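Take a look at the chain shown here. The paragraphs that follow walk through its elements, its packing and a few single residues.

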Amino acid sequence: MVDLPIQSIADAREQGPKTQQIVHDAIVRWLREEASIEIERVDFDAPLFELGIDSMGAATIGNQLELITRKKINPDVLYELETINELAEHLDSLRPSDTN
């Protein structure tokens, strides 16, 4: 599994960026580094698996999002939600340490 580079998790928590931006950033990093997809071409409403995110990629992204947001992400949710924006909306609905 590949660790996504997070510039500063503490900074992200202090600045309180929107969940959607956190999700977009994590996925764009994964796509750029693992799937070699140009950032300008990412459609955040496209199905995750059409973007080249396989089960290992989904697990990596999910783990990074848990670290950044302090929200427990049920691995099944990554298969149930179809798009990046749906994932962001789901995370917005969780409180820190929630399970779904």
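Two residues are in contact when they have heavy atoms within 4.5 Å. Among contacts in the chain between residues at least 6 apart in sequence, 67% join residues at least 24 apart. The model is a predicted one: local features need pLDDT of at least 70, side-chain atom pairs count only at pLDDT 80 or more, and totals for chains, interfaces and linings use all residues. Residues are numbered from 1 along each chain as its sequence is written, and side-chain values use heavy atoms, with hydrogens and water left out.

Start with the elements. The chain has 5 helices and 0 strands. Read from the N terminus, the order is α-α-α-α-α. Helices (H or I, at least four residues) and strands (E, at least two) are DSSP runs, numbered from the N terminus. Of the 100 residues, 41% count as buried. Buried means under 20% relative accessible area, exposed means over 50%, and partly exposed lies in between (1.4 Å probe, protein chains only).

Now go to the interior. A nonpolar core is a set of buried Ala, Val, Leu, Ile, Met, Phe, Trp, Tyr and Cys residues joined through side-chain atoms within 4.5 Å. The largest such core has 26 residues. Val-23, Ile-27, Leu-31, Ile-53, Leu-65 and Leu-87 have the most contacts inside it. Helix 2, helix 3, helix 4 and helix 5 each supply at least two residues of this core. Which helix gives the most to this core? Helix 2 does, with 7 residues.

Val-23 shows how these parts meet. Not counting residues up to four places away in sequence, Val-23 touches Leu-65, Ile-84, Leu-87, Ala-88 and Leu-91.

Next comes helix 5, which spans residues 84-93. Its buried residues are Ile-84, Asn-85, Leu-87, Ala-88, His-90 and Leu-91. They pack against helix 2 (19-35), helix 3 (55-69) and helix 4 (77-80).

How are two packed helices described? By the angle between their axes and the distance between the axes. Axes are lines fitted to C-alpha atoms, for helices over the stretch in contact, and angles run from 0 to 180 degrees between N-to-C directions. Helix 2 and helix 5 pack at about 135°, with their axes 8 Å apart. That makes helix 2 oblique to helix 5. Angles under 35 degrees count as roughly parallel, over 145 as roughly antiparallel, 65 to 115 as roughly perpendicular and the rest as oblique. The crossing of helix 2 and helix 5 is right-handed. A crossing is right-handed if the near helix is turned clockwise from the far one by less than a right angle, and left-handed if anticlockwise.

Look at the residues of that contact. Helix 2 brings Thr-19, Gln-20, Val-23, His-24 and Ile-27. They meet Ile-84, Asn-85, Leu-87, Ala-88, Leu-91 and Asp-92 in helix 5. The contact divides into 6 nonpolar, 4 polar and 1 charged. Here Ala, Val, Leu, Ile, Met, Phe, Trp, Tyr, Cys and Pro count as nonpolar, Asp, Glu, Lys and Arg as charged, and the others, Gly among them, as polar.

Gln-20 belongs to this contact. At 37% relative accessibility, Gln-20 counts as partly exposed. Leaving aside neighbours within four places in sequence, Gln-20 is in contact with Asn-85 and Ala-88. The C-alpha atoms of Gln-20 and Leu-87 are separated by 8.3 Å, yet these residues are 67 apart along the chain.

Turn to helix 3. Helix 2 and helix 3 pack at an angle of about 140°, with their axes 10 Å apart. That makes helix 2 oblique to helix 3. Their crossing is right-handed. In helix 2, Ile-22, Val-23, Ala-26, Ile-27, Arg-29 and Trp-30 take part. Their partners in helix 3 are Gly-57, Thr-60, Ile-61, Leu-65, Ile-68 and Thr-69. This contact divides into 8 nonpolar, 3 polar and 1 charged.

Gln-64 also sits in helix 3. Is Gln-64 buried or exposed? At 5% relative accessibility, Gln-64 counts as buried. Its C-alpha atom is separated by 9.8 Å from that of Ile-27, 37 residues apart along the chain.

Finish with two arginines. Arg-70 lies in the loop between helix 3 and helix 4. Most residues other than glycine have a negative phi. Arg-70 has a positive phi of about 60° although it is not a glycine. Arg-95 is found in the segment after helix 5. At 57% relative accessibility, Arg-95 counts as exposed. The C-alpha atoms of Arg-95 and Arg-70, 25 residues apart along the chain, are separated by 8.4 Å.
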